[in-house]
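Hello,

Here is the structure I promised to send over. Have a look at it first, and then read on for my notes.

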Amino acid sequence: LDAAGVTAPLLLVGSVLLLATYEPRLILLAQESWWQLVLSPDLPNVVRLSVALAVLVALVAIWGLVRPGHVTADPWDTAAQDRYRALGATLPVGADGLVRGEARRAAIPFRRVGAVLLGFGDPAGAAADRVSAIWRLRDLAVQEGLNPAIWRAGPALLAVYADIGLAALPLDDAGLPRADAEDSPDPHATRFLVCAAERDLPDLLPLLPGLAAQDGGTRGEPAA
């Protein structure tokens, strides 16, 4: 934890403990709002300050929870490729960068394609960190004004992709969407293109044959 992350909870706990020592007097003001307590001349200055401080710390904590986090991706250089390879994954062709999970123990390479941020396969690495890698890919896409999508995702994480608003289209052996993919998903498919089809397919379809030809259909196995 950094200093800011430790200080806020300590200030909040200190304010609550201090307010507890004035509980009999505060009971008389139970019907008052917090700002009336802060402005009340009937309370000692230390209590008014503690109420104001507790409210401020709570507002800061709420803001920290609701504001979008800033995601920084690694450039697809030799260091990023080595990190991804160390997770036991095969390097994809044509990646732009690498997004790692919160614990930095899982990662997913990606490529910017028109209005789409296209991830290559499920995240590689520790199973416990794969979900956060997916969400960080989504956050990076939102941060850049792009739409997230994943090519050659496996079935194990389809529920997570659904949580970020993506639908799964089964792929054929060459890594291309099947002609009837949207109308009749194959329950036995092992690879999927997950995206918002109506929105993203115009950007993705022209690119996928080239990616499939370069990739050769030999990307690592889907996440278990």
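Below are some notes on the aromatic pairs and on one helix.

This is a predicted model, in which local features need pLDDT of at least 70, side-chain atom pairs count only at pLDDT 80 or more, and totals for chains, interfaces and linings use all residues. Residues are numbered from 1 along each chain as its sequence is written, and side-chain values use heavy atoms, with hydrogens and water left out.

The structure holds two aromatic pairs (rings of Phe, Tyr and Trp, the last by its six-membered ring, with centres within 6.5 Å; planes under 30 degrees apart count as stacked, over 60 as edge-to-face and the rest as tilted). Trp-76 and Tyr-84 make an edge-to-face pair, at 6.1 Å centre to centre with 65° between the planes. Trp-76 has 16% relative accessibility and so counts as buried (under 20% relative accessible area, with exposed over 50% and partly exposed in between, for a 1.4 Å probe and protein chains only). Tyr-84, at 1%, counts as buried too.

Phe-120 and Trp-151 are also edge-to-face, because their ring centres are 6.4 Å apart and their planes stand at 80°. Phe-120 belongs to strand β4 (residues 116-120) and Trp-151 to strand β6 (residues 147-153), so this pair ties together parts 31 residues apart in sequence. Both residues, Phe-120 and Trp-151, are buried. Helices (H or I, at least four residues) and strands (E, at least two) are DSSP runs, numbered from the N terminus.

Now to helix α8 (residues 197-204): Ala-197, Asp-200, Leu-201 and Leu-204 are buried there. Seen down the axis of α8, these buried residues fall within an arc of 110°, so they line one face of the helix (the arc is that of the directions from the helix axis to the C-beta atoms). Glu-198 and Pro-202, on the other side of α8, are exposed.

Best wishes
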